[in-house]
Amino acid sequence: MVSFEMNDRKKIGLGLTGFGIFFSFLGLIFFFDKGLLAMGNILFVSGVSLTIGLKSTMQFFMKRSNFKGTISFGIGFFILILGWPILGMIVESYGFIVLFSGFWPTLAVFLQKIPVLGWLFQQPFVRSLLDRYRGRRVPV
């Protein structure tokens with residue numbers, strides 16, 4: 001049975017994930033600073049693993065359908081550490097999109113329900129783009 005309670009481990013994991021996104025954003029703003037980008041990646045992955053648990057994290061990253069994204073994300077991180085942050089972020093972004101592609105429809109439905117931003121996502125052009133993927137929602 002899946003537990004939806006918010007214990008301290010999950011709170012710390014969400015905080016680390018948030019800081020990881022924040023440091024990655026700062027790394028992009030400061031012209032692909034490899035230190036901030038690497039710190040953001042480490043915090044993001046450790047935050048995700050604390051939030052959903054180590055076993056679930058390993059199952060998610062080692063799933064057959066997510067293997068291409070996992071390899072791309074890891075190679076991009078390695079390229080980033082070697083000193084080529086732009087190329088590393090391009091490869092990492094591809095891996096991130098492949099890894100989390102199953103969650104985009106769920107995110108689209110969530111964005112449509114936000115009061116101010118939802119109006120933008122309710123427009124016919126944007127809605128037609130989002131409705132293509134609506135049938136493949138991931139249960140969250």
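## Overall architecture

The secondary structure of the protein chain amounts to eight helices and zero strands, in what is a predicted model. The C-alpha trace spans about 45 × 40 × 30 Å along its principal axes.

Of the 140 residues of the protein chain, 33% count as buried. Among contacts between residues at least 6 apart in sequence, 54% join residues at least 24 apart.

## Annotated transmembrane regions

An unreviewed UniProt entry assigns the feature "transmembrane region" to residues 12–32, 38–57, 69–87 and 93–111. Two of these spans can be described from the model. Residues 69–87 are 89% helix and 0% strand, and the C-alpha atoms at the ends of this span lie 16 Å apart. For residues 93–111 the figures are 79% helix and 0% strand, with a separation of 21 Å between the end C-alpha atoms.

## Packing of H2 against H4

Helix H2, residues 34–52, packs with helix H4, residues 67–82, at an angle of about 150 degrees. The axes of the two helices are 9 Å apart, and H2 passes H4 in a left-handed crossing. On the H2 side the contact is made by Lys 34, Leu 37, Ala 38, Asn 41, Ile 42 and Val 45; H4 contributes Phe 73, Phe 77, Leu 80 and Ile 81. By class, the residues of this contact comprise eight nonpolar, one polar and one charged.

Asn 41, located in helix H2, has a relative accessibility of 8% and therefore counts as buried, the cut-off being under 20%. With neighbours within four places in sequence set aside, Asn 41 is in contact with Ser 24, Phe 73, Phe 77, Leu 80 and Glu 92. Of these partners, Phe 73, Phe 77 and Leu 80 belong to the H4 side of the helix contact.

## Aromatic pairs and the phenylalanine cluster

The structure holds eight aromatic pairs. In one of them, the rings of Phe 96 and Phe 100 have their centres 4.7 Å apart and their planes at 50 degrees, so this pair is tilted. Phe 100 also pairs with Phe 103, again in a tilted arrangement, with 6.2 Å from centre to centre and 40 degrees between the planes.

The residues of these two pairs fall into two accessibility classes. Phe 100 has a relative accessible area of 15% and is buried. Phe 96, at 29% relative accessibility, counts as partly exposed, as does Phe 103 at 33%. Ring pairs link Phe 96, Phe 100 and Phe 103 with Phe 44, Phe 60 and Phe 61 into a cluster.

## Surroundings of Leu 99

Leu 99 lies in helix H5, which covers residues 85–99. Its relative accessible area is 4%, so Leu 99 is buried. Neighbours within four places in sequence aside, the contacts of Leu 99 are Phe 60, Phe 61, Asn 66, Gly 69, Thr 70 and Phe 73. Among them, Phe 60 and Phe 61 are members of the ring-pair cluster, and Phe 73 takes part in the contact between H2 and H4.

Further along the chain, Leu 111 is twelve residues from Leu 99, and the C-alpha atoms of Leu 99 and Leu 111 are separated by 20 Å.

Conventions: Residues are numbered from 1 along each chain as its sequence is written. This is a predicted model: local features need pLDDT of at least 70, side-chain atom pairs count only at pLDDT 80 or more; totals for chains, interfaces and linings use all residues. Side-chain values use heavy atoms; hydrogens and water are left out. Axes are lines fitted to C-alpha atoms, for helices over the stretch in contact, and angles run from 0 to 180 degrees between N-to-C directions. Helices (H or I, at least four residues) and strands (E, at least two) are DSSP runs, numbered from the N terminus. A crossing is left-handed if the near helix is turned anticlockwise from the far one by less than a right angle, and right-handed if clockwise. Contact means heavy atoms within 4.5 Å. Ala, Val, Leu, Ile, Met, Phe, Trp, Tyr, Cys and Pro count as nonpolar, Asp, Glu, Lys and Arg as charged, and the others, Gly among them, as polar. Buried means under 20% relative accessible area, exposed over 50%, partly exposed in between (1.4 Å probe, protein chains only). Rings of Phe, Tyr and Trp (its six-membered ring) pair if their centres lie within 6.5 Å; planes under 30 degrees apart count as stacked, over 60 as edge-to-face and the rest as tilted. UniProt positions are given in the numbering used here, feature names are shortened, and annotations may be inferred rather than shown by experiment.
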